[in-house]
Amino acid sequence: MVENRPFLTVLRHLVVLIGLIVIAFPVWMTFVASTHSQQTMLQSPIPLLPGPHLIDNYAQVLTAGFGRGFGGAPIWLTLMNSLIMALGVALGKIAISIISAFAIVYFRFPFRMWFFWAIFFTLMLPVEVRIVPTYGVVADLGMLDSYPGLIIPLIASATATFLFRQFFLSVPDELTEAARVDGASPMRFFWDILLPMSRTSIAAMFVIQFIYGWNQYLWPLLITTKESYYTVVMTVSRQANVVDSVPSWNLLMAMAMLAMLPPVLIVIFMQRQFVRGLVEVEK
Amino acid sequence: MEKRVTFNERWLPYLLVGPQIIITLVFFFWPSGQAIWQSVLIEDAFGGNSKFVWFDNFIHLFNDSDYYASVRVTVVFSFLVAAIGLALSLLLAVMADRVIRGATGYKAFLVWPYAVAPAVAGVLWGFLFNPSVGIVAWMLQGIGIEFNYVTNGNQALLLVVIAAVWNQISYNFLFFLAGLQSIPKSLIEAAAIDGAGPGRRFWDIIFPLLSPVGFFLLVVNIIYAFFGTFGVIDALTKGGPAKATEILVFKVYNDGFRGQDLGGSSAQSVILMIVVIALTIVQFRFIERRVHY
Amino acid sequence: MTRILLSSVAAAAVMASAHGAVAQTEIQWWHAMGGNLGETVNQLADGFNKSQTKYKVNPVYKGSYTDTLTAAIAAFRAKQPPHIVQVFEVGTANMMAAKGAVYPVFQLMADAKEPFDPKAFIGPVYGYYSTTDGKLLSMPFNSSTPVLYRNKELMQKAGLDPNKPPTTWPELGEMAKKAVAAGAKCGFTPQWQTWTMIENYGAWHNLPFATKANGFGGTDIELKFNDAPRIKFIQMLADWSKDKTFVYGGREGKSTALFNAGDCVFHVASSASAAGIEKALGQAKVGISMMPYSPDVIAKPQNSIIGGATLWVLQGKPKAEYEGVAKFLSYLSSTPVQAKWHQETGYVPVTLAAAEVTDKAGFYKKFPGRDVAVQELTLNPATENSKGLRIGNFVQIRDILDGELEAVWSGKKDAKTALDDAVKAGNEQLKRFEAANK
């Protein structure tokens, strides 16, 4: 500390605490709502403290599918599907991106910049705005209702390639020279030197892409018709989307808690690598 | 920016970029090409009647006051999301940076929102502000503010901004915090010895040193507000009331599928693609320049 | 860790394939019914699947109405359509115009030689989705009609007889004013304002919404809802909003939140909202009666029209499978199924027989007012103004109308200007629709 002014220290704690409370409040209320009966949740004001129905609600959501004995997909299966999809998207993206970034940075070959820009333009446009033709392609390839159909179209994005490219550019040329002097092949260099050095970048990408994959909503909704492929975020929206009626907030919020938990855990446990991986590139 | 030292291989690089290029061609360029083709057609949604109309869809769009309204909403929305999101996260990061002891504990809570799906975040905020059972709506009513985002367009816009900022704030916070912690303490101490107070030190030393991170985050946040907030809006307001929260990406979806006007919707996609390409080039030029120092 | 993950992936994959191994012909039914309604949908499908062994109906939830339609469009264009898709009523004209995409129900039933009696259906339920010469295009599924809900507790507080609902708009206005004076936060709020206050007000008073029998006679039509009675009516509501006799609660179903919270005395809303409203307020506090009418426009109300969604059958499947679809639609319109659907969800049954069975079972004694919807629909034989609406780009037109009405409620426009403007902008949409479907 530069100086010690008690007033400032208190102020800082206060600001951070207030920020914390504001940011955590929606999550807290979600938790609270998931511990009350449906009746309590229909009357204003709803309570601020947890109620006695925690076990009932979660047991109902976990064992009986959505709501009261909804047929079909039990929640553990939707969680499993989300996990498969998120892991597939994250690992797939990292794998294809890291090798293409390697090619673009470490080789000179015709059309190199064409390839680079072709990849780069996919950076931003979300799948929602070109959904009909994309669906058409997936259907033509026979990938509806399959894990590849859920995963592969979403790994066509440039974020990861771009990040790895930036990272490779910051790797000292001396290392490459040394490898070449030793007569190491490009792939040797990639496996033995580049890949281990990229650990933190890979971790950062993993977090971002895992969350991206986990949080998909419209895409899985469109291309799956079998309940055995439903994901958990879709399921939450299903509970929320009630026509001509009121939602069962308590169960809906219990589902929302379950849907949030895995990605939150990933972020919390990997935040150190996550930030370092991204900031290293940025500097 | 290029590498000085490279490998000489004839086929290997194609093999390495191959998977990504194939996936990009199949799942991005091919569908995008079809969207461009659709934008010069008028057809019913199922594709039964199809008529080539040149640029009628674009002309219709440029004469449509709703489209300009949507552009305006998008600009206001993106500005608010980026400005509020950056300001708040910077404030929190500056404060948390000095609160060393509790920092990790705070961080664990502050990063939570980043992991919440936009669709789920929309459901949460809709629940808090629900006019009949929402606890925040109820508290506001207690202090004399009628908050009803389902009828009041400005309040609806405010709510989607809040939800979108909330969803993105942790990401900004982590970057700012990392940026702050990489500023050498000696610099700040030197300034303190020269008699600069905390405010001066922030504006004269910390803020300029943070500006690269800040600019990067600005770009990320604008892109996020433009394209990443679909789920929040879909779950909260569906673009309403009275199109007050209908940002461009949402309008593409709404016109195409709720209104079953695929031609008009594709024309909007094409314009968005052009915007994306422009943004990409801007961002790229900027980042390329930065890597040099 | 990886090994555990991999083995669970494998387990899930095995499960998935076991799931798919069914020898029966599968019939895909895509719907938009979330929450508890979705559960009832699954039960209906289950009932059919157990009733025979040849076909298996697989109900698939596809998100909101818009998401469901998106999925169906994408799937149809990719030549992998579902057999049956649920579409909201405002999409009717656009669905009809989709040449080669839909398989009209009357034709399906004839091709499959499935017995089918149009006379068994409730007039306006059938009429909304049929051609001018009475051929059914899509199967009515979740239909409802606006009814008047009243909060008996608030009426009592205002010194009104809670068992005497208002029958005309002037009466409702008086009672609402009294209740507001006695402390109620809101006198009256309508749900789905375009549907209840413009479209149904028209049918109820035998006024046209558009030319050519509300669009049933062709696509070259013009909107007509800016007539004197409706201008007067909307202006009256706008005047009421000054003292909270009328409160605007948002588009679509949003305003029901106000009534559910016990703020409003009267609420014109979908008959299908009954269960939710009774759950929120407690059944004893809620009264249901027919919509009020304006005695200076018509001496006795005509009949109301429906809203909701229907099931469209899509083309592009092997012929044999359509027999199963026809059987399933027959099953859905059978009396016990309709009675169950009506009682559990609050939607109106498609047949009169189902309403009679429900009555005999004592259901309406237990839940008074649930029969009002059918009474309104069958009040008089439908005229060409009260049969239904067949308007192209109706989604956009409703958006326009919603926007103009909001301008009235906020005092930016008077009723005449707003309705005139809505007609003008709506006619533009109709022209665009006509051009696309020539």
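In the predicted model, C:Met139 has C:Leu311 as its bridge partner in strand E9 of chain C. The two strands concerned, E4(C) and E9 (residues 307-313) of chain C, pair in the antiparallel sense, and 5 bridges join them. All 6 of the 6 residues of E4(C) are buried, so this strand is largely enclosed by the rest of the structure.

Strands E4(C) and E9(C) belong to an open sheet of 5 strands in chain C, in which the order is E2-E1-E3-E9-E4 and the pairing is mixed. The edges of this sheet are formed by strand E2 (55-61) and strand E4 (139-144) of chain C; each has a single partner strand, so one side of each is left without a neighbour in the sheet. From one strand to the next, the twist averages 20°. Towards the E2 end of the order, strand E1 (residues 25-31) of chain C pairs with E2(C) in the parallel sense over 7 bridges. Within this pair, C:Thr25 stands opposite C:Tyr55 of E2(C).

Among the helices of chain C, H3(C) comprises 13 residues and reaches 18 Å from its first C-alpha to its last, a span close to the 18 Å expected at 1.5 Å a residue. Burial extends to 13 of the 13 residues of H3(C), so this helix is largely enclosed by the rest of the structure. H3(C) is followed by C:Lys79, for which phi is positive, near 65°.

Of the 283 residues in chain A, 57% are buried. When contacts in chain A between residues at least 6 apart in sequence are considered, 73% join residues at least 24 apart.

The contact between chains A and B takes 81 residues from chain A and 82 residues from chain B. On the chain A side, the largest share, 14 residues, is supplied by helix H1 (residues 6-33). The side of chain A that touches chain B consists of 60 nonpolar, 13 polar and 8 charged residues.

Helix H1(A) meets helix H5 (residues 118-129) of chain B in a crossing arrangement: the two axes come within 10 Å and cross at roughly 80°. Because angles of 65 to 115 degrees count as roughly perpendicular, H1(A) is roughly perpendicular to H5(B). From H1(A), the residues that make the contact are A:Pro26, A:Met29, A:Thr30 and A:Ala33, while H5(B) provides B:Leu124, B:Trp125, B:Phe127 and B:Leu128. In the contact of H1(A) with H5(B), 7 residues are nonpolar and 1 is polar, with no charged residues.

Notes: Residues numbered from 1 in each chain as written. Chains lettered and ligands numbered in written order. Predicted model: local features only at pLDDT ≥ 70, side-chain atom pairs only at ≥ 80, totals over all residues. Buried ≥ 20, exposed ≤ 12 C-beta atoms within 10 Å, placed from the backbone. Contact = placed C-beta atoms within 7 Å. Pairing = 2+ DSSP bridges. Helix = DSSP H or I, 4+ residues; strand = E, 2+ residues; numbered from the N terminus. Axes fitted to C-alpha atoms, helices over the stretch in contact; angles between N-to-C directions. Nonpolar A, V, L, I, M, F, W, Y, C, P; charged D, E, K, R; others polar. Parallel < 35°, antiparallel > 145°, perpendicular 65-115°, else oblique. Expected span 1.5 Å × (residues − 1).
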